[in-house]
Amino acid sequence: MSEATRTSSGGKAAALGVLLREGFPVPDGFVVPRGGQPAGADAAHSLRDAVARELGRLGDPVVAVRSSAMDEDTTEASAAGQYESILGVHGAVDVCRAIAACRESVRAARAGSYWARIGDTSPHASEMAVLVQPVIEAEASGVMFTPEQHGAPTRIEASWGLGLAVVSGTVSPDSYEVASDGSIGCSVGSKQMRIDLDQERGGAVTHAVAPDKQRARALDDVSVAALADLGDRVAGVLGDPQDVEWAVADGVVWILQARAITATPPATRALDPTDEADALNGTPGSHGKVTAAARIVRGPSDFAGVRRGDVVVCRCTDPAWTPLFTIAAGVVTETGGALSHAAIVAREFGIPAVLGLAGATTRIEDGARITVDGTSGSVTVL
């Protein structure tokens, strides 16, 4: 993996390859390079044998199988969450199935909708390299945005368990800011659930978090400062402000992904006594302000009810919901943070988003006219 380049191995693997060569703590793995999917039994057997050899070299671990396409993780477009990632895979046969699923995800409706909105076309399956790495069984994990300009803070979102909970927006994470003078601010999230490896059946499993752990910080100040320093060094090596996925296990901080930041998130919301008394307040996710009809979406069965120009109000989003973002005027979620995939895609699409507004789907009636201010993180029911 340390020899990965964008040309042969796609954006995700190439960035991690650079960091691995520079001695950063990146889980070593291997890349199935760009090229057509195996055609015929002999080619399939050859791929399986090569995968088995690489897994053996790594000690036959449980792995994450992730897309590393040419067009994702660029300075223009992240494609955040649009291609497949499969956690908790073990053995050459299942890894090969996961590789095929990653490549097939190029054809998914969500990917097509994303690239159409960005103004590009989806790549062919042959352009999909696939990255395979051991899963880090994290005690805490999350996302970090390094400063985009001199004097700006490092922003970190963190929760318990695997980082999937943070990037998917299924949890409202802790939010930390490290100022240029080293001072640290923290807002503790609700963190009501966590995602971990399912040791018995493979894959990932969701658990409820005990009340005392929900209220406890996922990171102490020493860990936050160490992460911010690591982020500065990553940005220095890769040359742009970086969106970094990280995990902490047994006191070691691991870098799982690093890509250029494509769109600046709004500043962290500060409580203001002049705020409107009837406004509902969440996390600012994507700049902009819009007044439109609220459309409550609890699952795919509600998609047909969303009309162009509505504001989608939901518990959390899923990458499969990207087609809704192409017609929605704004997004409001009950969980999630400003560094989640949903927030990143909303910023790239230029639609306002408010995340982590507790009880949004019950506090806002379907069809109600609302004003969403994604810059301040407020929603007002008119």
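I began with helix α1 (residues 6-21), which lies across β1, β2 and β4 (128-134) and runs at about 120° to β2. I note at the outset that the model is a predicted one. I then turned to helix α3 (residues 92-104), and found that α3 packs on the sheet, touching β1, β2, β3 and β4, with a direction that makes about 30° with that of β2.

Next I looked up the sheet itself. What is the order of the four strands in this open sheet? I read the order as β1-β4-β2-β3, and the pairing is antiparallel. The edge strands, each pairing on one side only, are β1 (30-32) and β3 (85-89). From one strand to the next, I have the twist averaging 25°.

I followed one pair in more detail. Strand β2 (residues 63-69) and β3 run antiparallel and are joined by three bridges. Within that region I noted that Arg66 stands opposite Ser85, the latter in β3.

Then I returned to α1 for its helix partner. The axes of α1 and helix α7 (residues 221-238) come within 10 Å, and they cross at roughly 110°. Because angles of 65 to 115 degrees count as roughly perpendicular, I record α1 as roughly perpendicular to α7. On the α1 side, Ala15, Val18 and Leu19 make the meeting, and on the α7 side I listed Val234, Val237 and Leu238.

I also checked the nonpolar cores. The largest has 52 residues, of which Val51, Val65, Tyr83, Val95 and Phe325 touch the most other members. Another core, of 31 residues, lies apart from it, and I noted Ala13, Val178, Ala218 and Val234 among them.

My last entry concerns Thr333, which lies in strand β17 (residues 330-333). Is Thr333 buried or exposed? With a relative accessible area of 1%, Thr333 falls under the 20% cut-off, so I record Thr333 as buried. A polar atom of the Thr333 side chain lies 2.6 Å from the backbone oxygen of Thr335. Leaving aside neighbours within four places in sequence, I found Thr333 in contact with Cys314, Arg315, Cys316 and Thr317, and also with Val354, Leu355, Gly356 and Leu357.

Terms used. Residues numbered from 1 in each chain as written. Predicted model: local features only at pLDDT ≥ 70, side-chain atom pairs only at ≥ 80, totals over all residues. Heavy atoms only, no water. Helix = DSSP H or I, 4+ residues; strand = E, 2+ residues; numbered from the N terminus. Buried < 20%, exposed > 50% of the residue type's maximum accessible area, 1.4 Å probe, protein only. Polar contact = N/O pair within 3.5 Å; in protein donor to acceptor, adjacent residues only side chain to side chain. Contact = heavy atoms within 4.5 Å. Pairing = 2+ DSSP bridges. Axes fitted to C-alpha atoms, helices over the stretch in contact; angles between N-to-C directions. Core = buried A, V, L, I, M, F, W, Y, C linked by side-chain atoms within 4.5 Å. Parallel < 35°, antiparallel > 145°, perpendicular 65-115°, else oblique.
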